[in-house]
Amino acid sequence: GGDRGGRAEASRAREGLAVSAVGCRKSRPGSPKQSSTAPRRPNCCRRASRLHGDGLSSARTPAAGLPGGACSARCFRSQSGGRAGACRAAWLQRSRRAGGLGPECRGRGRPGGGLGPGACGAGAELAGRAGARAAAAAVVAPPPPAAVNIIILVLAVALFLLVLHHNFLGLSSLLKNEVSDSGIVGLQPIDFVPNIPRHVVDGRQEEIPVVIAASEDRLGGAIAAINSIQHNTRSSVIFYIVTLNGTADHLRSWLSSSTLKSIRYKIVNFDTKLLEGKVKEDPDQGESIKPLTFARFYLPILVPSAKKAIYMDDDVIVQGDILALYNTPLKPGHAAAFSEDCDSTSTKVVIRGAGNQYNYIGYLDYKKERIRKLSMKASTCSFNPGVFVANLTEWKRQNITNQLEKWMKLNVEEGLYSRTLAGSITTPPLLIVFYQQHSTIDPMWNVRHLGSSAGKRYSPQFVKAAKLLHWNGHFKPWGRTASYTDVWEKWYIPDPTGKFSLIRRHTEISNIK
């Protein structure tokens, strides 16, 4: 009687009884009833039997050895002893995973492991089916393992680093091969040759900017100076050649010759409007109307991205490694280093009775009150501005260019320069601005006055040992009566256009023939 009551109650549970958090399918009203004598398990339980016939054994009960379809309530009723107990334990484990037992089944059971009759028996069957369905869902759609996420993250990071590295290499190459334009009206870049093979000694080596002014009538001098620098160094040098618009094409064709193809250069146009109101034209001082002589005042604009630069005139020949000059130490607070006129290698010179060219009184008019107020000693040794090393960071900090322009304007208004000025008109403002505020370069890096007379001032041995030869003065090495022209011609390259030619005496031409 108890068995029949249990089967009837189980049948009613299959038709409509709700068991919380478990079960295969709820029977809908009006569905045909199952036979009490031959109960048939619902479809979902059969699927669970097929999919998980051994599921109870695999669910941490390997010793139980339960048969297939163990989710059925008959397992709990028919099996006895340890097998029924194992069946009940496995069912409880499945039920907990599926959400727990229904409220009607908690705390009810029989000794020996079987469940109570009626609804709890049906609940047991439905709970088993629910556990099987949960396990099947876990098998069908397993969550992605953490290892896959880690691999995807690593690949994404590697791809990002690869792109970043590529972009960095492109930027580094751009910075090495190009120089920023000035962006200042009056100093406009015209031409630049970037991709030239360079000598590499040290990967950390700094690029050396060298600024040279090149006027049309002195273009051969600039070519010889550039050629001598390039062939006597293994350092990376870039030349900033300052010229006027009318000279740019001529210069470019000269630099395209086979001997000069390894030179890296940038041609910069100098606008003469920069000098309006700052230069007074004086017929007695023809150099005052040559604008390119003032290019040295604008170094930070000519070389905007450099921290340090070398300026030199076009009437020089370099016989040493330019790196040594570039490495000249500058004292803190000094924006430039010059070669003083009182050094031991260049003797004191008096030209045309114009006065001493080795001290301040030879360049400035000490009768002017403004000059006297500066409290500069007239006997102070002057320096030569034809070759110098500039700390452009300090130059900008002290606004050196603005200071130089100030004294240029004051000279136009008040005539502050010496009337017997024998040197360059660019020297007086530099002497004022850098008074006792400049460092010195090695005298062998500016062996000058080679152009002060037609005779030979130095011995051939001394000229050979000099690092830099400077033909400052009226006698230039491309002219007729200069000294040591043979040393200069060693570096001269003939003009392919034929516009520039050397001036030589008839006797020299005869000897050459």
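Are Phe338 and Phe434 buried or exposed? In this predicted model, Phe338 is buried, as is Phe434, where buried denotes a relative accessible area under 20%, exposed one over 50%, and partly exposed a value in between (1.4 Å probe, protein chains only). Residues are numbered from 1 along each chain as its sequence is written, and side-chain values use heavy atoms, with hydrogens and water left out. Because the model is predicted, local features need pLDDT of at least 70 and side-chain atom pairs count only at pLDDT 80 or more, whereas totals for chains, interfaces and linings use all residues.

The structure holds 15 aromatic pairs, a pair being two rings of Phe, Tyr or Trp (its six-membered ring) with centres within 6.5 Å; planes under 30 degrees apart count as stacked, over 60 as edge-to-face and the rest as tilted. Phe338 and Phe434 form one of these pairs, in edge-to-face arrangement, with 5.3 Å from centre to centre and 70 degrees between the planes. Since Phe338 lies in strand β7 and Phe434 in the loop between α15 (427–433) and β9 (439–440), the pair ties together parts that are 96 residues apart in sequence. Secondary-structure elements are DSSP runs numbered from the N terminus, helices being H or I of at least four residues and strands E of at least two. The rings of Trp488 and Tyr492 have centres 5.2 Å apart and planes at 25 degrees, so this pair is stacked. Trp488 is buried at 0% relative accessibility, and Tyr492 is likewise buried, at 13%. One aromatic cluster is formed by Tyr311, Phe338, Phe383, Phe388, Trp395 and Phe434.

Lys308 is positioned over the face of Tyr326, at 5.1 Å from the ring centre. Lys456 lies over the face of Tyr484, with a distance of 4.8 Å to the ring centre.

The model contains one disulfide, defined as a pair of cysteine sulfur atoms within 2.5 Å. The bond joins Cys342 and Cys381, whose sulfur atoms are 2.2 Å apart. This link is right-handed, with 125 degrees about the S-S bond. The two cysteines connect distant parts of the chain, 39 residues apart: Cys342 belongs to the loop between β7 (336–340) and α12 (369–372), and Cys381 to the loop between α12 and β8 (383–391). Cys342 is partly exposed, with a relative accessible area of 38%, whereas Cys381 is buried at 16%.

Nine salt bridges are counted, each requiring a side-chain nitrogen of Lys or Arg within 4 Å of a carboxyl oxygen of Asp or Glu. Asp314 and Arg218 form one of them, with their closest N and O atoms 2.7 Å apart. Asp314 lies in the loop between β5 (308–312) and β6 (316–318) and Arg218 in the loop between β2 (208–213) and α8, so this pair ties together parts that are 96 residues apart in sequence. Asp314 is buried, its relative accessible area being 6%.

Two further salt bridges lie within helices. Asp249 pairs with Arg252, the closest N and O atoms being 2.8 Å apart. These residues are three apart in helix α9 (residues 245–255) and are therefore separated by about one helical turn. Asp249 is exposed at 55% relative accessibility, while Arg252 is partly exposed at 24%. Arg397 forms a salt bridge with Glu394, with 2.4 Å between the closest N and O atoms. Both Arg397 and Glu394 lie in helix α13 (residues 392–397), three residues apart, or about one turn of the helix. Arg397 is exposed, with a relative accessible area of 59%, whereas Glu394 is buried at 12%.

Helix α8 (residues 219–231) has 13 residues and reaches 19 Å from its first C-alpha to its last, close to the 18 Å expected at 1.5 Å a residue, the expected span being 1.5 Å times one less than the number of residues. Of the 13 residues of α8, 12 are buried, so the helix is largely enclosed by the rest of the structure. Among the buried residues of α8 are Leu219, Ile223, Ile226, Asn227 and Gln230.

UniProt, in an unreviewed entry, lists residues 146–164 as "transmembrane region"; its positions are given in the numbering used here, feature names are shortened, and annotations may be inferred rather than shown by experiment. In the model, residues 146–164 are 100% helix and 0% strand, with the end C-alpha atoms 27 Å apart.

Notes
Lys NZ or Arg CZ within 6 Å of the ring centre and 35° of its normal.
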